[in-house]
Amino acid sequence: MIAVSLTEVRSFESAEMLAQNAVEWLCALARASDRDFAVCLSGGSTPRRLYERLATPTIASGFPWRRAHWFWGDERFVPHDNPDSNYRMARDAFLSRVPVSSDNIHAIQTEGLSPEQAAAAYETTLKRFYGADMLAPDRPLFDVTLLGIGDNGHTASLFPGQSALQETRRWAVATIGVKSEPRITLTYPALDSSRDVAFLATGEGKRDVVARARAGDRTIPAAMVRPVGRLHWFLDRAASPGGIDVR
């Protein structure tokens, strides 16, 4: 059975210490698993530090690459070689530098189809990997889901006021009109189907929105992530609301 509503907050003196501790945490979970290990990746500068450390020889040599599968929580609807692509960021930061099979990299398709078709195709990819069309609370889709939080409280490409926030059936949808380019995002049902969800946040500019999310402010999307497993916050000192001990 999966534990529900367990929350842990870890905060660190710097973004670099956060990234190092987060990658050690991720590696420990992967090594402790004796089966396929599914990770849902986030875009952004904070997770990039984690990804780069994952590719360092000392850490990469002890990671179970053969069993690990890599997915994305959201993607900008741009070609994979575009600098704004979340896939490209992860590829450049670690996937191209470690012994991972291309069969274990499950990128969101962004060319040759519409955003809506891309979302439907990715949902099919997820269901094929999961082996069922319905998510079971005691059998999560992901082992680890990494998320960021925007200044407006968005996470993945779930933005305030969007219809995607009310989606309960589809696992992935297209988000159009919020940003300059369409985006594909996983929905709450897919993101919540995780043994461990970790928010990564750094910088003073995130302090207020982190406090609001942790307080359960229902007006911001990040606060509504409710994994079937454990919820973690990895913060640096600048992003930590008052009262959090810094490691």
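I call a residue buried when its relative accessible area is under 20%, exposed when it is over 50%, and partly exposed in between, with a 1.4 Å probe and protein chains only. I am working on a predicted model, in which local features need pLDDT of at least 70 and side-chain atom pairs count only at pLDDT 80 or more, while totals for chains, interfaces and linings use all residues. Residues are numbered from 1 along each chain as its sequence is written, and side-chain values use heavy atoms, with hydrogens and water left out.

**His-232.** I found this residue in strand S9 (residues 230–236), where helices (H or I, at least four residues) and strands (E, at least two) are DSSP runs numbered from the N terminus. Taking contact as heavy atoms within 4.5 Å, and leaving out residues up to four places away in sequence, I listed Glu-8, Trp-25, Asp-196, Val-197, Ala-198 and Phe-199 as touching His-232. I also looked up Asp-151, which lies 81 residues from His-232 in sequence and 19 Å from it in space, C-alpha to C-alpha.

**Cysteines.** I searched the whole structure for disulfides, meaning pairs of cysteine sulfur atoms within 2.5 Å, and the search finds 0. The sulfur of Cys-27 has its closest cysteine sulfur in Cys-40, 17 Å away, which is too far for a bond. Both residues are buried, Cys-27 with a relative accessible area of 3% and Cys-40 at 0%.

**An open sheet.** I traced 3 strands in the order S4-S7-S6, with antiparallel pairing; two strands pair if DSSP finds at least two bridges between them. The edge strands are S4 (74–76) and S6 (172–175), each pairing on one side only. Between S6 and S7 (residues 183–186) I noted 4 bridges, and Thr-175 stands opposite Arg-183 in S7. Helix H5 (residues 115–130) lies across S6 and S7 and runs at about 160° to S6, where axes are lines fitted to C-alpha atoms, for helices over the stretch in contact, and angles run from 0 to 180 degrees between N-to-C directions.

**Whole protein.** I noted 7 helices and 9 strands. The radius of gyration, taken over C-alpha atoms, is 17 Å, close to the 18 Å that the globule rule (2.2 Å times the number of residues to the power 0.38) gives for 247 residues, so the protein is as compact as a globular protein of that length. Of the 247 residues, 53% count as buried.
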